[in-house]
Amino acid sequence: MNYRELFQSVRSRPILHGLDGTYRAGVAFILGCDVGTSGILLSGFREWLIVRLGDGNNLSWTGLVQKIIDAEHVGQGEEESPKSDTDAQRFDWLFQLLDEFLDQREKRDGMIRIYGRYIEWLKEQSWFRQEMLD
Amino acid sequence: MATDHTSGEDPLQTSHREGANGAAEKADERNSADSSFGDENTQGAEQTTEADKVGFIPGPTPAEFQEIVHQYDDLPNDQLDGGYPHDVNLRVGSETDPGDLGSDWIPRSVSEISRSTKCEQVARQIQEQIGGEVHRIESPPFVKNLGIYRDQPTEWSFHDVVIRNGRVYDGFTERTGLPTDEYKSLWTSMYPNEFQF
């Protein structure tokens with residue numbers, strides 16, 4: 001199955017996939033697809049998100065996605081007032097992030113590059129210890 | 001994964017320990033002289049009796065602590081290996097005397113739990129202060145996060161804590177941590193056997 005095409009279809013017309021277009025429904029759908037592939041579908045997603053955010057090594061991908069949406073779209077934590085966002089927008093941004101990740105991963109050596117950047121990032125952290133990679 | 005900064009013998013550690021013994025002896029003398037201890041010198045004899053019951057090892061006064069600290073001023077940071085506080089038994093004693101992060105320790109609010117980050121850094125800082133081992137609480141297979149902690153939903157894939165003398169410490173515990181079983185009970189979505197401790 002081509003998951004990028006599936007997710008693009010879900011993103012544009014969620015109702016045709018039994019979803020109400022809310023963020024939580026989108027997360028549940030993606031989680032179901034991931035479990036159906038024994039976790040292979042989202043391999044590297046969490047690591048890719050951590051490097052993109054530059055933080056959140058302890059977070060699940062769902063927590064990371066929300067933090068990235070807040071940082072890149074909503075403006076939370078910045079001096080400016082938060083921009084308005086709706087659940088439908090978060091649904092859209094979720095699938096946008098996932099598509100960017102899948103695009104990066106399917107490139108030549110994509111998975112190696114994703115993990116390589118993650119390990120580089122890890123090694124820059126003050127709390128990093130070599131045994132974390134053993 | 002677990003690391004222990006309290007074990008192992010090396011010349012630097014031995015040197016620290018001499019300082020620790022000296023500090024403990026001084027504190028003992030002070031304890032018997034004025035019936036007080038640690039940061040609570042002004043609280044009177046009754047509190048000392050209570051402290052004796054739970055077996056506290058008296059810590060040095062702030063001035064004595066600074067003196068101990070300055071013994072290591074010339075050492076490069078990479079030789080301190082976790083810092084001096086736990087080596088000098090500042091507030092650390094027997095099993096009935098839990099490691100104490102001190103009066104400056106302020107636990108983070110539970111309202112920050114959900115998407116808080118940097119538990120790895122907090123665990124390292126705690127370990128540097130009181131010793132012990134860093135343990136990682138990991139989500140079970142096919143589960144996206146650790147569920148509920150302290151009645152708050154988490155978005156954590158894992159959580160690093162410090163375990164010392166049967167007590168658990170993280171950024172949300174009080175200064176003396178919590179007994180292991182009590183700590184586990186705060187994770188209402190996890191089974192006790194899913195912890196690696």
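How many residues does the contact take from chain B, and how many from chain A? The contact takes 16 from chain B and 19 from chain A. Keep in mind that this is a predicted model; the predictor gives the complex an ipTM of 0.85 and a pTM of 0.67.

**The contact, seen from chain B**
- Two elements of chain B, α5 (119-130) and β4 (158-164), are the ones that give two or more residues to the side that touches chain A.
- On that side of chain B, α5(B) gives the most, with four residues.
- By residue type, the side of chain B that touches chain A divides into five nonpolar, six polar and five charged residues.

**Confidence in chain B**
- Chain B averages a pLDDT of 68, and 50% of its residues score at least 70.
- In residues 1-58 of chain B, the pLDDT is below 50, yet this stretch has 74 contacts in the model beyond near neighbours in sequence.
- Residues 75-95 of chain B also have a pLDDT below 50, and here the model has 50 contacts beyond near neighbours in sequence.

**Overall layout of chain B**
- Chain B comes to six helices and six strands.
- Along the sequence, the pattern in chain B reads α-α-α-α-α-β-β-β-β-β-β-α.
- Of the 197 residues in chain B, 34% are buried.
- Take the contacts in chain B between residues at least 6 apart in sequence: 70% of them join residues at least 24 apart.

**The four-stranded sheet**
- Chain B has an open sheet of four strands in the order β1-β4-β5-β6, with antiparallel pairing.
- The edges of this sheet are β1 and β6 (178-179) of chain B, each pairing on one side only.
- Strand β1 (residues 133-138) of chain B and β4(B) run antiparallel and are joined by six bridges; for instance, H135(B) has V161(B) as its bridge partner in β4(B).
- On to the next pair: β4(B) and β5(B) are antiparallel too, over three bridges, and R164(B) finds its bridge partner in R167(B) of β5(B).
- β4(B) is mostly covered, with six of its seven residues buried.
- The helix α5(B) lies across β1, β4 and β5 of chain B and runs at about 10° to β4(B). Both α5 and β4 of chain B turned up above, among the elements on the side that touches chain A.

**A closer look at V134(B)**
- Where does V134(B) sit? V134(B) is in strand β1 of chain B.
- Why does V134(B) count as buried? V134(B) is buried because 22 other C-beta atoms lie within 10 Å, and the cut-off for buried is 20 or more.
- V134(B) and V161(B) are 27 residues apart along the chain, but their C-alpha atoms are separated by 5.6 Å.

- N165(B) is not a glycine, but has a positive phi of about 55°.
- Is N165(B) buried, exposed or partly exposed? With 18 other C-beta atoms within 10 Å, N165(B) is partly exposed, because that count falls between the cut-offs of 12 or fewer for exposed and 20 or more for buried.
- Over in chain A, D109(A) also has a positive phi, near 55°, in a residue other than glycine.
- The loop that holds D109(A) lies between α5 (87-105) and α6 (110-123) of chain A.
- D109(A) is exposed, because it has 9 other C-beta atoms within 10 Å, and 12 or fewer counts as exposed.

Technical notes:
Residues numbered from 1 in each chain as written. Chains lettered and ligands numbered in written order. Predicted model: local features only at pLDDT ≥ 70, side-chain atom pairs only at ≥ 80, totals over all residues. Contact = placed C-beta atoms within 7 Å. Nonpolar A, V, L, I, M, F, W, Y, C, P; charged D, E, K, R; others polar. pLDDT = per-residue confidence, 0-100. Pairing = 2+ DSSP bridges. Axes fitted to C-alpha atoms, helices over the stretch in contact; angles between N-to-C directions.
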